[in-house]
Amino acid sequence: DYLAGKTRIGADYKTDKAACDAQAGNAKDICVEEAKGKETVSLAELEFSHSAKPSDQNKVLVAKAESAYAIAKEKCDDKAGNDKDVCVKEAKAVDVGALADAKMGQQISEARTDASTDKRKADYKVAAEKCEAMAGDAKANCLATAKTQFGMN
């Protein structure tokens with residue numbers, strides 16, 4: 001079953017990647033990232049279903065987070081300027097949060113604080129990037145509010 005699963009996942013990846021050839025530009029890049037992500041997550045899930053080890057379950061969570069980040073980051077390429085910067089920061093914040101959750105699942109007691117800090121820092125970076133589109137007092141007030149909201153002194 002395990003070997004058949006690996007073969008099926010490989011065949012699905014080739015089919016999905018071939019379907020991307022009909023597209024062009026960034027749409028093709030997004031399609032390829034989605035195919036890679038699907039393959040990576042499927043292989044991690046197969047490994048976990050085969051071994052049932054907690055470390056393999058963590059690998060599934062990491063694979064899902066990294067795949068989602070790669071796809072989201074690729075989607076940001078369609079944007080420009082501050083919109084693109086915000087998009088990338090938001091994608092990174094989601095990735096950091098998902099990786100922190102995976103880390104928390106691996107080492108709950110010590111990772112809880114790290115995960116919370118990582119999420120707060122990532123959310124602050126998103127808020128600060130949104131403030132960059134402003135100017136003068138509005139920008140200063142926005143940054144001060146973000147620092148207060150996310151505990152960045």
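Student: Which residue lies over the face of Tyr69?

Tutor: Some background comes before that. This is a predicted model, where local features need pLDDT of at least 70, side-chain atom pairs count only at pLDDT 80 or more, and totals for chains, interfaces and linings use all residues. Residues are numbered from 1 along each chain as its sequence is written, and side-chain values use heavy atoms, with hydrogens and water left out. A charge sits over a ring if NZ of Lys or CZ of Arg is within 6 Å of the ring centre and within 35 degrees of the ring normal. Here Lys92 is over the face of Tyr69, 5.0 Å from the ring centre.

Student: Is Asp95 buried or exposed?

Tutor: Buried means under 20% relative accessible area, exposed over 50%, and partly exposed in between (1.4 Å probe, protein chains only). Asp95 has a relative accessible area of 4%, so it is buried. Leaving aside residues up to four places away in sequence, Asp95 touches Ala65, Glu66 and Tyr69 (contact means heavy atoms within 4.5 Å).

Student: How do the axes of α1 and α2 cross?

Tutor: Two packed helices are described by the angle and the distance between their axes. Helices (H or I, at least four residues) are DSSP runs, numbered from the N terminus. Axes are lines fitted to C-alpha atoms, for helices over the stretch in contact, with angles from 0 to 180 degrees between N-to-C directions. Those of α1 (residues 2-20) and α2 come within 9 Å and cross at roughly 175°. Therefore α1 is roughly antiparallel to α2 (over 145 degrees).

Terms used: Helix = DSSP H or I, 4+ residues; strand = E, 2+ residues; numbered from the N terminus. Parallel < 35°, antiparallel > 145°, perpendicular 65-115°, else oblique.
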